[in-house]
Each structure stands twice: as structure tokens, then as C-alpha cells.
Amino acid sequence: MSENRSEQSKRRFEELEILESTGLNCYPYSFEKTHSSTQILSEYDDNSPETLSRVAVAGRIMAIRRMGKASFFHILDQDGKIQIYLKKDDLPDFYENLKLLDIGDIIGVNGYVFRTKTGEVSIHAQSVELLCKSLTPLPVAKEEVDEQGNKIVHDAFTDKEARYRKRYIDLIVNPDIRKTFLKRSKIITLMRNYFDKNGWLEVETPVLQPIYGGATARPFVTHHNALDIPLYLRIADELYLKRLIVGGFEGVYEISKNFRNEGMDKMHNPEFTSMEIYVAYKDYNWMMEMTEDLISSICMEVNGTTEIDFAGTEISLAKPFRRASMFDLFKEYTGMDLKGLSREELLVAAKSIGIGIDPTMSSMKILDEIFSEKVEENLIQPTFVIDYPLEMSPLAKKHRNIDGLVERFELFINGGEIANSFSELNDARDQRQRLEEQATIRAAGDDEAMIVDEDFLNALEIGMPPTAGLGIGIDRLVMLMTGETSIRDVLFFPQMKPEKVIVQDNI
């Protein structure tokens, strides 16, 4: 046993040895549950108690009150807590070992449901089985009520970093956070159902790619030993999904993990979940209507309303969403007309409004920086920012009516980007020119610029029909729908800086 263990932990190891010395298996293989806590609490009827005369529940002990010949536990299962009543006369053998049980132990209980004198629906235990002995104490909060009737909580597990690092403890002692992850699952399911109902096919594309593309971002690099080649964790699904449109599918989507070797903040995690969908014979105008219908309907299903109170800000996800061109928004929030300006003129414009710009930045980067600093934070209500400059969107089709622009939108809600969409570029000649320009920008020092992908260009030369594409950041959408202000609060296991140096074998 480790010398670093706490006295409480050492005591639990000793309790385990005592229990096992009596011949008890403290880690049995299974337990047959019949009901959850929520089922019992919702189905119990004082007029028909016999309907729950035989139940089997299992969960983690979260409270113990030993009272001589009778005791009470509260156990926590996936749905919530329920009280267990244990009577010594009913459980003579188990009761002998009661003092060896601790908060955190997992038990299975067979019994019948009744209501106590204090009015709490509970289970009268007729048999109890230890399913797992907890060897490390949980940081269980203690509550007391002051003279004014206010509840005071002591030793709550509230440190954010500790909660992210040990999410398994967080889920036990702060069970309300489960609601966020249940909503996350429901949001993804509803999105999948929406697409499936329309006949669009869910597909899978490679995570390890010989050439990364589909976005402007730095990749993670790995090495394939057998082939002796570098491979990249995908930064986007786009180029592979378009290959499937070329191959004849008219609607494909993927809900996947993407990886970008970038900084971390409240809106960014290097590993994130994205949805991308491509539908043939459609354009970005159609995609705007589909997107607002998708998001509005998901919100209604998840929250029962299209109105969201996000940290005190009222946001309406009712259709239709606002549409505004990027350059109109530049003019609205900077007072300047930035359309058609050269890179040098954009540098001057940025400086004049107090934005520090690296003088080596491309026009694309400068515009993006100005937009991020001066426009985004103002886009609280859902806003489709449409019609971007061509140099910012190397995979989007040229605007059908306005020179120098492309048919693209990004959806912003609560000051953050939620979705990105194009009328997809399907002219292989134009696409080659744009990617070669990206390569020039990359050679000048922008390591986020795209790479020329000859196989993708060959696919376009085979021929891709007019197509609309859309990407949605699932993590950010979940943040919006659950009211969470940090991406780490909607990820079970967010990326964290190591507490100490981790040494691994060279594999």
C-alpha cells in the first residue's frame, strides 16, 4: 500500500481485507436492476403501493445514517438519488458489516417501495449486496442551515481545474452537471435524425490524412512507421466529403472529432467535435434556411422554447435569423468601408482603430483580425454574416452578382461563430488557382494557409455538381443550448496542461 495514502484511504483498504476475510466477494460480476431512482419516484402511488412491491436498484452510497437497529442510506444512480431503509432484523448478516461500509461504496438493493413517516418515498431493503468497495474517499460536501434558514455548504468540489481533471469525481459529487451532457447527447441525436429524415447519408472519412485541408489551421503531425510517412490528424472533413459528392452521393454528413494545433481558451479546445454536411444541387441561400430551421427546431426540442437566457442575455433562436453582409458590418462597427482595400491600406485602417497587426499578415488575416476585434462581440442575436471577400474563402464559389466576393456565410450567436457555409467551388481551374495562391501565402510565412491537394483537384476535374456545404461546431452549439460559458464545461475530458511531466516510451 502506498505510504502517501490518507488515513481514511488506509482505513478503507483495511475494511476491504476484513470483508474479504469473511468470504465476501466485494467485486461481484453483475447485478440485475429492475428500476431506476427516477422511475420509482415518479411511479410510486400511495393508493397502489403493491405495484412496486419488488424492485432492484443499484447505486453509489452518498449518505449514511446509522441508528442502532435501523439505518438509512441515500444512493445515487444515473438518474438521481433515492433513500434506502435498512432494518437489522431483516438483514442480520449484512447489518454485522454495516460499519465497514462507506460513502462511495456501490451497492445493489432488493426490496419494496414505501413512504416514510416524514413523507419520503424510499426502498425497504430485503437484501443488500456490496458491488464495489470505494478505496478513496469522495470530496462530499457537508451542508448546514444557519439561524436564518440559509443553507451553507462546506468542502464542495468546486475548483474548476480539479473538476476538469477528475471528471469522474465531478459527475458523482456534482450530479447536476450530468444534465449538460445529457443535453449534448440529445442535441447530436436530434441533428442526426434531422439529416436522416431528409435522406442524407452519414459517412466516415479518414482521421489520419496524408494531406490536411478544408480549413486554415495548423495540424497535429504523427508518423506511420510501416509506410515511413508523416500523417496529419484532420483539421476538417470537407475535402473528403466533397469527393463523395463527386462519387454520386447527393447528401452526405459526418459528425466527427477534428484536431487543430492551436491555443486553448473558453471557445477553443485542440480536439473538438464538428458536423459537416454537403448537399448536391443546393446553394448557400438554401443552406441558410436549412441551418436556421435545424438550430431552431433543436432548441425547441431540447429546451421547450426557442428563447434562451444566456448569462442574463436574452437570445431568440426563432426563425428567421438576421442576414448582413460582412462589409456592411465592417462599416456599421468601424465606421470604415474596407471593401477593395489593398493589404497596405488595410494595415493603415487597422492601426487607425487601435488594432495591432503583424505587418507580414496577408489581407485575409488582417480582415479576419478586424472582424474578430470589432464586429463579432456585437453579434448577439443569430446573424448570418454573408458574402465574404474572395481571399478569405479559397474553397467557396465566386458571388454570382458581386465581383471580389464569394457566396459564404458564417452564423454568429452570442458573439461567437457557430456555423460556416459555402456555395462550394466546383470549377477545378478556379480551385487550383486559389490553392496555388494559398501555397504562395504559406511560403511567405503563414503556416495556417492551405496546401495544394492534387487528388482533390483531380476529383473536381471528374466533376462535382453544384453543392452547398455547412460546418457546425457541436461544442459551441451545446454551450449555447445549455448556457455554459466555457467549452471545457461541455466536454467530458477537456485538454489540460499536465500537472507534471509525462514520460512515455517511444512508440
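This is a predicted model: local features need pLDDT of at least 70, side-chain atom pairs count only at pLDDT 80 or more; totals for chains, interfaces and linings use all residues.
Okay, let's start with helix H11, residues 363-374, and its partner H10, residues 343-352. Their axes sit 9 Å apart, at an angle of about 25°. Angles under 35 degrees count as roughly parallel, so that's what we call H10 relative to H11. The crossing of H10 past H11 is left-handed. If you want to find the contact on screen, look for Arg343, Leu346, Leu347 and Ala350 on the H10 side, and Ser363, Ile366, Leu367 and Ile370 on the H11 side. By class, that contact is 6 nonpolar residues, 1 polar and 1 charged.

Now, H9. That's residues 326-334, and its axis comes within 10 Å of the H11 axis. How do the two cross? At roughly 55°, which makes H9 oblique to H11. H9 also goes past H11 in a left-handed crossing. From H9 you've got Met326, Leu329, Phe330, Tyr333 and Thr334, and they meet Leu367, Ile370, Phe371 and Lys374 of H11.

The largest cavity holds about 40 Å³. Its lining is Ile211, Tyr212, Gly213, Gly214, Leu239, Leu395, Leu435, Met450, Ile451, Asp453 and Phe456. Sorted by class, you get 8 nonpolar, 2 polar and 1 charged.

That's it from me, thanks.

Definitions and conventions:
Residues are numbered from 1 along each chain as its sequence is written. Side-chain values use heavy atoms; hydrogens and water are left out. Axes are lines fitted to C-alpha atoms, for helices over the stretch in contact, and angles run from 0 to 180 degrees between N-to-C directions. Helices (H or I, at least four residues) and strands (E, at least two) are DSSP runs, numbered from the N terminus. Angles under 35 degrees count as roughly parallel, over 145 as roughly antiparallel, 65 to 115 as roughly perpendicular and the rest as oblique. A crossing is left-handed if the near helix is turned anticlockwise from the far one by less than a right angle, and right-handed if clockwise. Contact means heavy atoms within 4.5 Å. Ala, Val, Leu, Ile, Met, Phe, Trp, Tyr, Cys and Pro count as nonpolar, Asp, Glu, Lys and Arg as charged, and the others, Gly among them, as polar. On a 1 Å grid over the protein atoms alone, a cavity is a set of points where a 1.4 Å probe fits but cannot get out, and a pocket is an open set with protein on both sides within 12 Å along at least five of seven lines; lining residues have an atom within 4 Å of a point. Grid points are joined across faces, edges and corners, and a volume is the space filled by probe spheres set on the points.
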